[in-house]
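Work through each one with the structure open, then compare with the solution.

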Amino acid sequence: MFGNTREEILEIEKLKNLVDKNKLPRHIAIIMDGNGRWAKKRFLPRTAGHKEGVERVKEIVKACGNLGIEYLTLYAFSTENWARPKDEVDTLMKLLVEYLRKELDTLHRNNVKIKVLGNIERLPDLPKSEIVRAIEKTKNNKKLILNIALNYGSRDEIIEAVKNIVHDVKYNKIDVEEINKEIFKKYLYTGDQPDPDLLIRTSGEQRVSNFLLYQIAYSEFYFTDTLWPDFKEEHLYKAILEYQKRERRFGKI
Ligand code: IPE
Ligand code: IPE
Ligand code: MG
């Protein structure tokens, strides 16, 4: 917590202690938005915002692990983000490689299992091989499942699932009559994982941007104006505290 005063540290501890450990969201998903605006406010290139954003990724992953969150899904790069200027895309890929190289041992030591949501085939070789290595190394870890949504788009995910189901029907692996919600979800990148309980989006935008459309059917949404590079652990605790005040009904009364 470098940079925090003693009072700030106490304030953060206080928030953390207010979180009810018996009512934690099992799965938190985050649309990490606002890196570009964070940089612009400081007259810095957008890439400086992405760099600072990686610091928040480290902090939030650590905080989730310590709290006992079981699944954390981070939206890192969407299928639409390829349309950004090439040098920005290159920087994002470079930051991903650096993050994995620097953090993999720590993540592994902390029993974090890395998964990717999205088609990694389209990624450049270097990020692809680092991702494959990270998945392989952490595959038996159990404490926190860290899903990195990379080249992820929910509509593509659903279409891909439909294609695979059609394939399995065609080759008699499943019967059309068998297809139900439980079977269908297994064909999504999230597989057997529970749906997100809490979906956080930073930076003030209140939209879903092609993220987990099927999985967020009953998620609680938390929107905050805080830009992602400013979203520190105390902001996470605030989001969880807000979640814990909500009454989830799932259609019942
Ligand atoms: C989120 O920040 C990071 C990615 C989408 C990769 P943005 O880069 O979208 O930042 P803004 O929305 O332009 O401020
Ligand atoms: C969503 O943010 C994607 C990620 C956070 C990776 P964007 O900044 O790309 O979304 P829009 O363009 O504001 O909808
Ligand atoms: Mg954005």
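**Exercise 1.** Divide the residues of the shell around ligand 2 into nonpolar, polar and charged.

Solution. The model is a predicted one. Step one is to list the shell: I31, M32, D33, Y75, A76, F77, N81, R84, R201, R207 and S209 surround ligand 2, where a residue is taken as near if one of its heavy atoms lies within 4 Å. Step two is to sort by class, which gives five nonpolar, two polar and four charged residues. Step three is to look for the main contributor: strand β2 (residues 71-78) supplies the largest share, three residues.

**Exercise 2.** Find the polar contacts of ligand 1 with N35, R37 and R46, and say which elements form its shell.

Solution. Start with the side chains: a polar atom of R37 is 2.8 Å from an oxygen atom of ligand 1, and an N or O atom in the side chain of R46 is also 2.8 Å from an oxygen of ligand 1. N35 takes part through its backbone, with an N or O atom 3.1 Å from a ligand 1 oxygen. Next, the area: ligand 1 alone exposes 380 Å², of which the protein buries 87%. The space that ligand 1 takes is the largest pocket. Elements giving two or more residues to the shell are α2 (35-41), α3 (46-67) and α4 (86-109), and the largest share, three residues, comes from α2. Of the 13 residues around ligand 1, D33, G36, R37, R46 and R84 come nearest. By class, the shell holds three nonpolar, five polar and five charged residues.

**Exercise 3.** Where in the fold does D33 lie, and which residues does the UniProt "binding site" annotation cover?

Solution. First, locate D33: the loop between β1 (27-31) and α2 contains this residue. Second, consult the record: the unreviewed UniProt entry annotates D33 and E220 as "binding site". Of these residues, the lining of the largest pocket includes D33.

How values were computed
Residues are numbered from 1 along each chain as its sequence is written. Chains are lettered from A and ligands numbered from 1 in the order in which they are written. This is a predicted model: local features need pLDDT of at least 70, side-chain atom pairs count only at pLDDT 80 or more; totals for chains, interfaces and linings use all residues. Side-chain values use heavy atoms; hydrogens and water are left out. A polar contact is a pair of N or O atoms within 3.5 Å; within protein, one must be able to donate a hydrogen and the other to accept it, and residues adjacent in sequence count only if both atoms are side-chain atoms. Accessible areas come from the Shrake-Rupley method with a 1.4 Å probe; for residues, only the protein chains shown count as cover. On a 1 Å grid over the protein atoms alone, a cavity is a set of points where a 1.4 Å probe fits but cannot get out, and a pocket is an open set with protein on both sides within 12 Å along at least five of seven lines; lining residues have an atom within 4 Å of a point. A molecule sits in a cavity or pocket if more than half of its atoms lie within 2 Å of its grid points. Helices (H or I, at least four residues) and strands (E, at least two) are DSSP runs, numbered from the N terminus. Ala, Val, Leu, Ile, Met, Phe, Trp, Tyr, Cys and Pro count as nonpolar, Asp, Glu, Lys and Arg as charged, and the others, Gly among them, as polar. UniProt positions are given in the numbering used here, feature names are shortened, and annotations may be inferred rather than shown by experiment.
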